[in-house]
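Student: Hi! Please take a close look with me at the side-chain pairings here, and then at the spaces inside the fold. I would like the cut-offs as you go.

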Amino acid sequence: MTVPDPISDRLNGSLPITSAAEAAATIADDATVLTSGFGSVGYPKAVPLALAESNRDLALTLVSSGTAGEEIEVDLVEAGALDRRFAFQSSAVAKRASNDRSIAFSDRHVSGIGDEVQFGRLADPDVAVVEAVAVGEDWFVPSTSLGQTPAFVEATPELVIEVNHAQPLELAAIHDVYRPGAPPDRGPIPVESAGDRVGESVVRFDPETLRAVVETDRPLSTYTLREPTAVDQAIAANLRDFLAAEIERSPAFTDALHLQFGVGSVGNALMGAIGDLDVGDRELVYFGEVVQDGLLDLLDAGHLSAASATSLALTEDGQQRLFADIERYAEDIVLRPTDVSNHPGLIDRFGVVGINSAVEVDLFGNVNSTHIESTRVVRGVGGSGDFFRNALVSVCALPSKLSGKNVSRVVPMTFHVDHTEHDVDVFVTEQGVADVPGLAPVERAERIDEQCAHPDYKPELREYLEEVTQQHGHAPLDIERAADWQS
């Protein structure tokens with residue numbers, strides 16, 4: 001089947017249209033369910049809610065490539081319907097279930113989840129449930145995110161598609177669906193610049209797998225971003241000054257600067273500071289995971305030449321702004337699957353400066369992105385590892401102190417490590433910037449303490465460091481004293 005151009009109908013061809021409850025009834029009690037969704041958008045809503053309300057004794061394994069929304073993160077969890085979960089969660093309800101181990105939660109780097117599912121390393125899928133804005137007999141147009149949806153659809157024996165009438169058909173113009181080949185014949189991804197389009201606007205599927213099409217008009221989920229605090233603004237200013245010096249210093253940035261920011265209020269605040277960065281004649285390009293409101297601001301101001309991502313993680317105002325002028329934004333914004341947007345080879349090819357936050361960092365440069373007190377999970381690792389490990393310059397940006405609490409976010413030792421000292425080059429807090437490549441562990445610790453720690457904790461960290469350096473060893477530590485900082 002060919003795809004209509006332009007796409008003017010939600011439903012194309014002879015399709016098995018059913019209700020959400022009927023579609024949910026086709027899913028086995030212990031099924032492994034793959035879902036679309038990334039950054040709390042583009043996920044199916046009606047079928048998960050129907051499963052949650054079914055009063056069945058469910059023990060589902062759920063695989064998503066990023067965080068989903070309330071129908072999955074709250075309703076399914078509260079219904080006791082989930083037995084196991086990959087690979088990201090963020091709601092308070094899901095976090096409690098993960099921490100009391102009523103749900104077996106396994107965290108994964110998002111770039112590899114598609115391969116892990118397709119090649120049998122993670123889960124044996126039974127059905128994929130995805131959200132779309134239009135569907136044909138062997139294709140559908142994704143909604144506001146792509147994530148690993150194409151890989152999931154290719155891997156699953158059964159497919160359920162929710163067609164959401166609340167989202168514009170024009171979203172087709174933003175998607176670029178490219179599927180990497182299978183090993184050992186996987187070739188390089190032919191994306192030569194961040195704005196390139198090398199795939200289709202639709203996800204293809206085997207018509208034999210389509211079990212149900214459900215029509216919905218459920219409102220779209222959106223982000224709520226708090227106003228930048230003085231601390232956020234100070235972090236952003238320090239980052240801007242570092243980048244200004246770095247692009248003048250490094251020949252890698254002679255022609256272009258490619259940036260990636262983690263999702264959330266801090267990331268959006270950091271994007272805002274980039275508008276004040278003087279890049280001269282260089283192109284400023286975004287190559288990352290999420291389009292947030294700050295990127296729309298940069299595009300509207302003419303500061304950004306292209307934005308490549310996998311999800312439209314916008315506020316309600318940002319979403320309305322994009323939908324009102326989607327054809328114009330589609331000239332510069334492209335959404336890709338995460339096995340492309342987060343691909344190590346492309347991050348390396350473009351020399352991306354990857355900027356992500358964390359829960360805490362330790363003096364030696366190890367980073368904890370996911371756990372409080374190193375034991376209680378608060379989120380998944382997402383794509384931060386893809387960019388920390390593969391970016392030309394990897395930056396960890398975070399406040400030096402937990403807001404409103406007597407807790408340092410620079411600690412002697414983090415007992416949960418998501419990203420090692422070898423993965424991160426630069427640490428930025430509102431206190432300053434620690435650029436640490438080439439430094440031995442003790443030198444690195446001295447610089448992180450001096451440049452990034454909060455003044456309330458800097459003397460105690462310095463005292464700890466002076467005492468442990470009396471010991472022999474490359475990276476000296478006192479585990480008992482370090483553990484005191486975790487309580």
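Tutor: Happy to. Let's begin with disulfides: a search of the whole structure finds zero, a disulfide being a pair of cysteine sulfur atoms within 2.5 Å. Cys 396 is in none, and the nearest cysteine sulfur, at 9.0 Å, belongs to Cys 452. Seen from the other end, Cys 452 is also without a disulfide, with the sulfur of Cys 396 as its nearest at 9.0 Å. Cys 396 is buried, with a relative accessible area of 0%, and Cys 452 counts as buried at 1%. Here buried means under 20% relative accessible area, exposed means over 50%, and partly exposed lies in between, using a 1.4 Å probe and protein chains only.

A word on the source before we go on. This is a predicted model, in which local features need pLDDT of at least 70 and side-chain atom pairs count only at pLDDT 80 or more, while totals for chains, interfaces and linings use all residues. Residues are numbered from 1 along each chain as its sequence is written, and side-chain values use heavy atoms, with hydrogens and water left out.

Now the charged pairs. Side chains of opposite charge can pair when their charged atoms come close. The search of the whole structure gives 25 salt bridges, each one a side-chain nitrogen of Lys or Arg within 4 Å of a carboxyl oxygen of Asp or Glu.

In one, Arg 186 pairs with Asp 115, and the closest N and O atoms are 2.8 Å apart. Arg 186 sits in the loop between β8 (159–164) and β9 (203–204) and Asp 115 in helix α5 (residues 113–118), so this bridge ties together parts that are 71 residues apart in sequence. Helices (H or I, at least four residues) and strands (E, at least two) are DSSP runs, numbered from the N terminus. Arg 186 is partly exposed at 32%, and Asp 115 is partly exposed at 25%.

Another bridge joins Arg 179 to Asp 339, with closest N and O atoms 2.9 Å apart. It links distant parts of the chain, since Arg 179 is in the loop between β8 and β9 and Asp 339 in helix α12 (residues 338–341), 160 residues apart. Arg 179 is partly exposed at 23%, whereas Asp 339 is buried at 9%.

In the bridge between Arg 389 and Asp 423, the closest N and O atoms are 3.5 Å apart. Arg 389 belongs to helix α14 (residues 384–390) and Asp 423 to the loop between β23 (410–411) and β24 (426–428), so parts 34 residues apart in sequence are tied together. Arg 389 is exposed, with a relative accessible area of 61%, and Asp 423 is buried at 12%.

There is also a network of salt bridges, which links Asp 297, Asp 300, Arg 321, Asp 325 and Arg 328. Asp 297 leads us on to the second largest pocket: the volume there is about 300 Å³, and Asp 297 is among the residues closest to its centre, along with Pro 228, Asn 268, Ala 269 and Gly 272, out of 18 lining residues. Two or more of the lining residues come from each of α7 (230–249), α8 (265–274) and α9 (293–300). By class the lining has six nonpolar, six polar and six charged residues.

The terms come from a 1 Å grid over the protein atoms alone: a cavity is a set of points where a 1.4 Å probe fits but cannot get out, a pocket is an open set with protein on both sides within 12 Å along at least five of seven lines, and lining residues have an atom within 4 Å of a point.

The structure holds one cavity of 30 Å³ or more. The largest cavity has about 50 Å³ of space, and its lining divides into 10 nonpolar, one polar and no charged residues. At least two of the lining residues come from each of β2 (32–35), α2 (46–52), β3 (60–64) and α3 (70–78), with α2 giving the largest share, three. Among the lining residues are Ile 72 and Leu 76, which are also among the buried residues of α3. What covers the buried residues of α3 includes β2, α2, β3, β4 (82–86) and α4 (92–99). Just after α3, Gly 80 takes a positive phi of about 70 degrees.

Note on methods
Points joined across faces, edges and corners; volume = space filled by probe spheres on them. Nonpolar A, V, L, I, M, F, W, Y, C, P; charged D, E, K, R; others polar. Contact = heavy atoms within 4.5 Å.
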